[in-house]
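Work through the exercises below with the sequence and the 3D view open. Try each task before reading its solution.

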Amino acid sequence: MAELVSLDEVRAAARRLTGVVVRTPLIPFAAEDANLLIKPESLQPTGAFKLRGAYNAISALFAAEEPAAAKANGVVAHSSGNHGFAVAYAAALLNVRAAIVVPGNAPRVKTDAIVRTGAELVRVEPTQAARVEAAERIARTRGYAQIPPFDDRHVIAGQGTTGLEIAEDCARNKSPRAVLVPVSGGGLISGIAVAIRALMPRTKVIGVEPELAADARESLHSGTRIAWPASDVARTIADALRVERVGELTFPHIRELVSDIVTVTDDEMLTAVRRLALNARLVAEPGGAAAVAACLFRNAGELGLAEDDDAPVVAVLSGGNIDPAVLAEALTPKIESYNR
């Protein structure tokens, strides 16, 4: 089994990210539950947590910490959108050429942002296999270094700085019962779990997935990585969470450090988007709101938490790059469940 990312690696990432990412606050979601705190990664310059891992990976690469890779002619990444934008943005900051591979159905709000950075945009079929193949081909033919969306130590460590901040901000108060995290390929929850389990060992880390793309939950419960067909995960409105299988490196972190993974429906994520906008003045994309949806629609017992514990719960709002039409749909609910 691969060696897990260490707390020291996360702390090293935090030093690299100083002045680059926003140290996002913990915001009480008082309109819903006084004990619910939101970690709004939607406030990052790229609108999602992905900048943490992307910048950490690229800066480490071109700081010659990996001498062979430091000779790369540029970087290439495959992404459903947020990671691609983060890599493109970080590469621009570091004056590095970048090519970003995205599925043909990636939201325009994300692809337009990638193009604005000056990166090359490469569209492929909407499967993880097609994205991986295209990124590998570009790396091989152009001498670009690959910046994986989740299955990379530097990426995981960068995402883990989110958990480091949560632990530091909670140090003077009561430790949270749990930190809930959206799950796609597993990079964010792996990094957060490294920091939280090391610094707040009594706090549970719980993943949240769309019920229409619950490969990570099935993998955790079965003890082995299970892939879902691309046609199945494509059904969810949460485009940021449509990865078909968790990573080879992230899965051991999930298995070792994550208490459970629960699912939410598309309607519940859209409701969370609406409530975050109206009650917390925070813009979230559906996948970014998954953890908040779980807090709103799953009771303590369903989350594996004690009913009588008054410690807070932290929900990571992982991204806010939402298609305007989807935001309009969420703000003008047409079905009763939105108003629960």
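Rings of Phe, Tyr and Trp (its six-membered ring) pair if their centres lie within 6.5 Å; planes under 30 degrees apart count as stacked, over 60 as edge-to-face and the rest as tilted. This is a predicted model: local features need pLDDT of at least 70, side-chain atom pairs count only at pLDDT 80 or more, and totals for chains, interfaces and linings use all residues. Residues are numbered from 1 along each chain as its sequence is written, and side-chain values use heavy atoms, with hydrogens and water left out.

**Exercise 1. The aromatic pair**

Task: How many aromatic pairs does the ring rule give, and how are the planes set?

Solution. 
Step 1. Classify. The ring centres of Phe85 and Tyr89 are 6.4 Å apart and the planes meet at 80°, so this pair is edge-to-face.
Step 2. Helices (H or I, at least four residues) and strands (E, at least two) are DSSP runs, numbered from the N terminus. Both Phe85 and Tyr89 belong to helix H3, four residues apart, or about one turn of the helix.
Step 3. Check exposure. Buried means under 20% relative accessible area, exposed over 50%, and partly exposed in between (1.4 Å probe, protein chains only). Phe85, at 11%, is buried. Tyr89, at 24%, is partly exposed.

**Exercise 2. The sheet**

Task: In what order do the six strands of the open sheet stand? Which strands are at the edges?

Solution. 
Step 1. Two strands pair if DSSP finds at least two bridges between them.
Step 2. Read the order. The open sheet runs S1-S2-S10-S7-S8-S9, with mixed pairing.
Step 3. Find the edges. Strand S1 (27-28) and S9 each have a single partner strand, so one side of each has no neighbour in the sheet.
Step 4. Start from S7. Strand S7 (residues 178-182) is parallel to S8, and five bridges join them. Here Ala178 has Lys204 of S8 as its bridge partner.
Step 5. Look at the other partner of S7. Strand S10 (residues 313-317) pairs with S7 in the parallel sense over three bridges. Val179 is opposite Val314 in S10.
Step 6. Move on to S9. Strand S9 (residues 260-264) and S8 are parallel, with five bridges. Ile206 has Asp260 of S9 as its bridge partner.

**Exercise 3. Strand S8**

Task: Why is S8 described as largely enclosed? Which elements make a β-α-β unit with it?

Solution. 
Step 1. Count buried residues. In strand S8 (residues 204-210), six of the seven residues are buried, so the rest of the structure largely encloses the strand.
Step 2. Trace the unit. S7, H7 and S8 form a right-handed β-α-β unit. A crossover is right-handed if, with the strands pointing away from the viewer, the path from the first strand over the helix to the second runs clockwise.

**Exercise 4. The cavities**

Task: How many cavities of 30 Å³ or more are there? What lines the largest cavity?

Solution. 
Step 1. Define the space. On a 1 Å grid over the protein atoms alone, a cavity is a set of points where a 1.4 Å probe fits but cannot get out; lining residues have an atom within 4 Å of a point. Grid points are joined across faces, edges and corners, and a volume is the space filled by probe spheres set on the points.
Step 2. Count. There are two cavities of 30 Å³ or more.
Step 3. Take the largest cavity. Its volume is about 240 Å³. Of its 24 lining residues, Phe49, Lys50, Ser184, Gly185 and Ala240 are the closest to the centre. Helix H3 (82-93) and helix H7 (187-199) each give at least two lining residues.
Step 4. Take the second largest cavity. It holds about 140 Å³. Its lining has 16 residues, with Pro103, Asn105, Pro126, Arg131 and Arg242 nearest the centre. Helix H5 (128-142) and helix H9 (230-233) each supply at least two residues to that lining.

**Exercise 5. Positive phi**

Task: Where are Asn95 and Arg281, and are they buried or exposed?

Solution. 
Step 1. Take Asn95. Its phi is positive, near 60°, though the residue is not glycine. Asn95 sits in the loop between H3 and strand S4 (98-103). At 73% relative accessible area, Asn95 is exposed.
Step 2. Take Arg281. This non-glycine residue has a positive phi of about 55°. Arg281 sits in the loop between helix H11 (266-280) and helix H12 (290-297). At 64%, Arg281 is exposed.

Technical notes
1 Å grid on protein atoms, 1.4 Å probe; cavity = no way out; pocket = protein on both sides within 12 Å on 5 of 7 lines; lining within 4 Å.
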